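Thanks for coming. I will go through one structure today, and I will keep to what can be read from the atoms.

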Amino acid sequence: MTGRYSDHDVEHYDRPRRRTRPRTKERPAYDDAVDGVVVTVDRGRFTLLIDGQKVMAMKARPLGRKGVVVGDRVRVVGDTSGDEGSLARIVEVRERVTTLRRTADDDDPVERVIVSNAEQLVVVTALADPDPQPRLIDRALVAAYDAGMQPLLVLTKADLADPETLLSTYRSLGVPWVVTQRGGDLTEVRERLHGRTSVLVGSSGVGKSTLVNALVPTAYRDVGVVNAVTGRGRHTSTSAFMLELPDGAGWIIDTPGIRSFGLAHVQPERLIEAFPDLDEMTEDCPRGCTHGTDEPECGLDEAVEAGTADPDRVASFRRLLAARSEPAY
Ligand SMILES: Nc1nc2c(ncn2[C@@H]2O[C@H](COP(=O)(O)OP(=O)(O)OP(=O)(O)O)[C@@H](O)[C@H]2O)c(=O)[nH]1
Ligand SMILES: [Zn+2]
């Protein structure tokens, strides 16, 4: 950079241009629009569910560059018949209740919303084969708390190893967990998923497809090979897709393409809000305190010294805090 552009210019450049006419006058009224939900996205084409029926759609021009992601509640016009070859148009994205996002990182240069409107982030981890990666679990937890989503640990392959070692790492944070294995009883998992929308993340080989298949037997024709939503041949989906659990028991969003979270966007204040008891202890922290290990006079240290805070819980919170600035691998 030559210094030709001041910060002010850059900021101005990033801002959308002010419109000369009020927006509403440029826009046709969409009184006839219907509601739908985005269940998958593939190369600019969106699969929506409208009244339980699959409908293909594209973005209408007024949406401009606004992203439309899996989980979005949208308003749709045009051919919403869902007939072969039909294409509807998305004219509006309803306000998102939650957004799970990732910072730009080496794999992907753009900060993006991954999915919207999910209440729970299910971190699927094998107890062995492959061995658990606590750093990746930590990162997923940070992403969940930042998104305002409840985390759930699903520990798979319980036939191969005991969960105790791993659980001891997360107990003081109070993260809910369930243990599963292939062919095992899924009652507890189903209870945890019931009545809400959950996003499943997990590294390759942890048994996520096996789990999704057990929960939604029609999900794949072949574990991890065919995308049931697009119905397209033998290819492994790399984008997220949403499925309804049998008997309307809730929704799950599988995320085959997501292996890590870039977390640089996560603010310490946002993270600590997920732990109201700790948050309360930081009320008298010095201005700008990040509540990390090296902070002088952090209320968390004072609470530990006074015996009012669980040192393990504080240490675990700080481990999550530090995970924000560590490399993903
Ligand atoms: N021992 C044991 N193996 C399991 C269990 N669940 C799944 N597996 C095996 O683990 C391997 C990976 O399972 P998948 O369900 O394909 O794992 P995934 O997480 O979807 O992996 P990707 O397809 O790479 O995303 C397969 O060989 C499964 O048969 C389990 O509970 N116990
Ligand atoms: Zn502090």
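How many disulfides does a search of the whole structure find? The search finds zero disulfides. Please keep in mind that this is a predicted model. For those new to the term, a disulfide is a covalent bond between the sulfur atoms of two cysteines.

Which residues coordinate the zinc ion, ligand 2? They are Cys-285, Cys-289 and Cys-298, each through its SG atom, and His-291 through ND1. The distances run from 2.1 to 2.4 Å. Along the chain, the donors follow the spacing C-x3-C-x1-H-x6-C.

Next, the geometry. The four donor atoms subtend angles of 104 to 117 degrees around the zinc ion, and therefore the arrangement is tetrahedral. The cut-off for that label is that all angles lie between 85 and 135 degrees. For reference, the ideal angle for four tetrahedral donors is 109.5 degrees.

Cys-285 has 13% relative accessibility, so Cys-285 counts as buried. Cys-289 is buried as well, with a relative accessible area of 6%. His-291 counts as buried because its relative accessibility is 2%, and Cys-298 because its value is 1%.

Now to ligand 1. There are 15 residues around ligand 1, and those that come nearest are Arg-182, Ser-204, Gly-205, Ser-209 and Thr-210. The shell divides into three nonpolar, seven polar and five charged residues.

A few contacts involve oxygen atoms of the ligand. In Ser-204, a side-chain N or O atom is 2.5 Å from an oxygen atom of ligand 1. In Gly-205, a backbone N or O atom lies 2.8 Å from an oxygen atom of ligand 1. For Gly-207, again with a backbone N or O atom, the distance is 2.9 Å. Taken alone, ligand 1 exposes 650 Å², and the protein buries 73% of that.

That is all from me.

Terms used: Residues are numbered from 1 along each chain as its sequence is written. Chains are lettered from A and ligands numbered from 1 in the order in which they are written. This is a predicted model: local features need pLDDT of at least 70, side-chain atom pairs count only at pLDDT 80 or more; totals for chains, interfaces and linings use all residues. Side-chain values use heavy atoms; hydrogens and water are left out. Donors are N, O and S atoms within 2.8 Å of the metal (3.2 Å for Na, K and Ca); water is not among the atoms, so sites may look incomplete. Four donors count as tetrahedral if all angles lie between 85 and 135 degrees; four count as square planar and six as octahedral if opposite donors are over 155 degrees apart and all others between 65 and 115; anything else is irregular. Buried means under 20% relative accessible area, exposed over 50%, partly exposed in between (1.4 Å probe, protein chains only). A residue is near a molecule or strand if one of its heavy atoms lies within 4 Å of it. A polar contact is a pair of N or O atoms within 3.5 Å; within protein, one must be able to donate a hydrogen and the other to accept it, and residues adjacent in sequence count only if both atoms are side-chain atoms. Accessible areas come from the Shrake-Rupley method with a 1.4 Å probe; for residues, only the protein chains shown count as cover. Ala, Val, Leu, Ile, Met, Phe, Trp, Tyr, Cys and Pro count as nonpolar, Asp, Glu, Lys and Arg as charged, and the others, Gly among them, as polar. A disulfide is a pair of cysteine sulfur atoms within 2.5 Å.
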